[in-house]
Amino acid sequence: MMKDFTSKDITLLEKSVKQTLEHGCKECEFRYIAFTTNVSLEPNGTKCFFLEVECPNCGAEYTDIMAMRDNND
């Protein structure tokens with residue numbers, strides 16, 4: 001079962017955060033959003049990477065699934 005963070009995990013998170021900051025809010029494209037980066041470890045060992053985003057400009061709140069990785073990735 002894969003539990004520890006790997007260099008691939010960190011690279012994936014960095015890339016996803018960079019893209020989110022470049023594009024801003026999906027609703028209004030405001031660039032100064034608040035977000036948290038999250039990783040969920042599922043019972044089967046799959047890691048689910050996602051962002052929870054809040055936009056202070058338009059009030060949008062949404063979750064972006066960035067990727068899912070298992071032991072073979």
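This is a predicted model: local features need pLDDT of at least 70, side-chain atom pairs count only at pLDDT 80 or more; totals for chains, interfaces and linings use all residues.
1. The strands form an open sheet of three, in the order β1-β2-β3, and the pairing is antiparallel. β1 (34-41) and β3 (61-69) are the edge strands, since each of them pairs on one side only. Direction ignored, neighbouring strands in this sheet are turned by 20° against each other on average.

2. Between β2 (residues 47-54) and β3, eight bridges make up the antiparallel pairing. Within β3, E61 is the residue that E54 faces, standing opposite.

3. The loop between α1 (7-23) and β1 contains E29. Its backbone deserves a look: phi of E29 is near 65°, a positive value although the residue is not glycine. Most residues other than glycine have a negative phi. The relative accessible area of E29 is 60%, so the residue is classed as exposed.

4. One aromatic pair is counted in the model. The pair consists of F30 and Y32, with ring centres 6.0 Å apart and planes at 70°. Because planes over 60 degrees apart count as edge-to-face, the F30 and Y32 pair is edge-to-face.

5. How accessible are F30 and Y32? F30 has a relative accessible area of 29% and is partly exposed. Y32, at 66% relative accessibility, counts as exposed. The cut-off for exposed is over 50%, and buried means under 20%, so F30 at 29% falls in between as partly exposed.

Terms used
Residues are numbered from 1 along each chain as its sequence is written. Side-chain values use heavy atoms; hydrogens and water are left out. Rings of Phe, Tyr and Trp (its six-membered ring) pair if their centres lie within 6.5 Å; planes under 30 degrees apart count as stacked, over 60 as edge-to-face and the rest as tilted. Buried means under 20% relative accessible area, exposed over 50%, partly exposed in between (1.4 Å probe, protein chains only). Two strands pair if DSSP finds at least two bridges between them. Helices (H or I, at least four residues) and strands (E, at least two) are DSSP runs, numbered from the N terminus. Axes are lines fitted to C-alpha atoms, for helices over the stretch in contact, and angles run from 0 to 180 degrees between N-to-C directions.
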